[in-house]
Amino acid sequence: MPKFYEDKEEDGRACSGIREDFKACLLQHDCVVKEGKMPSQCLKEGHCKALQTSFFECKRSMLDNRSRFRGRKGY
């Protein structure tokens with residue numbers, strides 16, 4: 001689910017809702033906070049996998065010609 005903030009600037013880029021949630025998931029995960037690892041290392045270990053897949057699908061749908069009719073995936 002997207003997180004909406006009152007004092008947040010509007011991001012007009014594609015897949016911005018998923019991007020924000022994916023970033024927040026990684027930065028607030030115990031792997032980064034408690035263990036002090038880099039977010040890229042935590043991704044390799046498989047943390048926040050569902051949001052990573054959703055973000056990938058959203059970015060991939062931008063290149064798909066069928067998305068002209070169906071719309072982009074994600075939020």
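Predicted model: local features only at pLDDT ≥ 70, side-chain atom pairs only at ≥ 80, totals over all residues.

Student: Why is arginine 19 called buried?

Tutor: Its relative accessible area is 19%, and buried means under 20%, so arginine 19 gets the label.

Student: What makes serine 16 count as buried?

Tutor: Serine 16 has a relative accessible area of 17%, and the cut-off is under 20%, so serine 16 is buried. Serine 16 is in helix H1 too. Its C-alpha atom is 9.2 Å from that of phenylalanine 55, 39 residues apart along the chain.

Student: And why is cysteine 25 called partly exposed?

Tutor: Cysteine 25 has 24% relative accessibility. Buried needs under 20% and exposed needs over 50%, so cysteine 25 falls in between. Cysteine 25 also lies in helix H1, and its contacts beyond four places in sequence are Cys48 and Leu51.

Student: What do you know about cysteine 48, and where does it lie?

Tutor: Cysteine 48 is in the loop between helix H3 (39–45) and H4. Its phi is positive, about 55°, although cysteine 48 is not a glycine.

Student: How do you know that cysteine 48 is buried?

Tutor: Its relative accessibility is 11%.

Student: Which residues form the largest nonpolar core?

Tutor: There are 8 of them: Ala14, Cys15, Ile18, Phe22, Leu26, Cys48, Phe55 and Cys58. H1 (16–28) and H4 (49–63) each supply at least two residues of this core. The largest share, 3 residues, comes from H1.

Student: What makes a set like that a nonpolar core?

Tutor: Its members have to be buried residues of the listed nonpolar kinds, joined through side-chain atoms within 4.5 Å. Leucine 26 is one of the core members. Beyond four places in sequence, leucine 26 is in contact with Val32, Pro39, Leu43 and Cys48.

Student: Why are H1 and H4 called roughly antiparallel?

Tutor: Two packed helices are described by the angle between their axes and the distance between the axes. Here the axes of H1 and H4 come within 9 Å and cross at roughly 155°. Angles over 145 degrees count as roughly antiparallel, so H1 and H4 qualify. Their crossing is left-handed.

Student: Which residues meet where H1 and H4 come together?

Tutor: From H1 you have Ile18, Arg19, Asp21, Phe22 and Cys25. From H4 you have Leu51, Gln52, Ser54, Phe55, Cys58 and Lys59. By class, this contact has 6 nonpolar, 2 polar and 3 charged residues.

Student: How many helices and strands does the protein chain have?

Tutor: The chain has 5 helices and 0 strands, and from the N terminus the elements run α-α-α-α-α. Buried residues make up 24% of the 75 residues. Of the contacts with a separation of 6 or more, 47% come from residues 24 or more positions apart.

Conventions. Residues numbered from 1 in each chain as written. Heavy atoms only, no water. Buried < 20%, exposed > 50% of the residue type's maximum accessible area, 1.4 Å probe, protein only. Helix = DSSP H or I, 4+ residues; strand = E, 2+ residues; numbered from the N terminus. Contact = heavy atoms within 4.5 Å. Axes fitted to C-alpha atoms, helices over the stretch in contact; angles between N-to-C directions. Parallel < 35°, antiparallel > 145°, perpendicular 65-115°, else oblique. Left-handed = near helix turned anticlockwise from the far one by under 90°. Nonpolar A, V, L, I, M, F, W, Y, C, P; charged D, E, K, R; others polar.
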